[in-house]
Amino acid sequence: MDTIWYDPEILAVTWLTVKVSGLATLISVILGIPLGLWLALHEFSGKKVIVSVVNFGMGLPPVVVGLVVSLLLWRYGPLGMLGIMYTPWAMIIAQAVIASPIIAGLSFAAIGSLNPKLRLQLLSLGASKWQAHLLLIREARLGLLAAVMAGFGGVVSEVGASMMVGGNIKGQTRVLTTATVMEVGKGNYDTALVLSFILLIVAYSIVAALTYLQNRTAK
């Protein structure tokens, strides 16, 4: 069992897990934080509907996301010409769809919890619109980092959508979660335990780094 830790295949699976979940989280941050900021700072007709859709997306079942992304990326689907079905990019897209509402919803809550007069005060002091937004993001950075952690946690532990759009192909789309499910199905519980432990180490390491950054910015 000790040799499992140094198996090149497991190391490759671990690296692919970090790469796929990391890129999916990054895309979700790029999409989610601006959406949360926009919802928190603007009043318009239909805002409650959009907020409710975002909140609904925070609890969207991953298998549903996997099914929808599969239909879009399938050979005869609307995006079939991209040819990325059963590739890491398909997994990144599915995971980004899962994490984006989580980050957007928590960002909306973090920025919305700030004093509403703060933005007006910044603008009155001569800050431009974009400068005011950046300063608001800085003020809400603790909540925004928590949103990023929640988004990453939601994708790194995801298995259903990854299996559906990635196919769990050896050497191409196999990640720690799908590999664990496969090993359990084969009855290889020792390997499944090692994969689960590695997944926990990866998740804890990244969350711990973000927590350190969160505590450092708080000081």
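Hi everyone, this short talk covers the salt bridges in this structure. The model is predicted, so local features need pLDDT of at least 70 and side-chain atom pairs count only at pLDDT 80 or more, while totals for chains, interfaces and linings use all residues. Residues are numbered from 1 along each chain as its sequence is written, and side-chain values use heavy atoms, leaving out hydrogens and water.

Some background: side chains of opposite charge can pair when their charged atoms come close. We call it a salt bridge when a side-chain nitrogen of Lys or Arg is within 4 Å of a carboxyl oxygen of Asp or Glu. A search of the whole structure finds four of them.

Let's begin with Glu 9 and Arg 174, whose side chains meet at 3.5 Å, N to O. Glu 9 sits in helix α1 and Arg 174 in the loop between α8 and α9, so this pair ties together parts 165 residues apart in sequence. (Helices are DSSP runs of H or I, at least four residues, numbered from the N terminus.) Arg 174 is buried at 12% relative accessibility, whereas Glu 9, at 33%, is partly exposed. Here buried means under 20% relative accessible area, exposed over 50%, and partly exposed in between, with a 1.4 Å probe and protein chains only.

Next, Lys 47 pairs with Glu 43 at 3.0 Å, N to O. Lys 47 is buried at 11%, but Glu 43 is exposed at 70%.

Where do Glu 183 and Lys 186 lie? Both are in helix α9, three residues apart, about one turn of the helix. Finally, shared partners join Glu 9, Lys 170 and Arg 174 into one salt-bridge network.

Conventions. Helix = DSSP H or I, 4+ residues; strand = E, 2+ residues; numbered from the N terminus.
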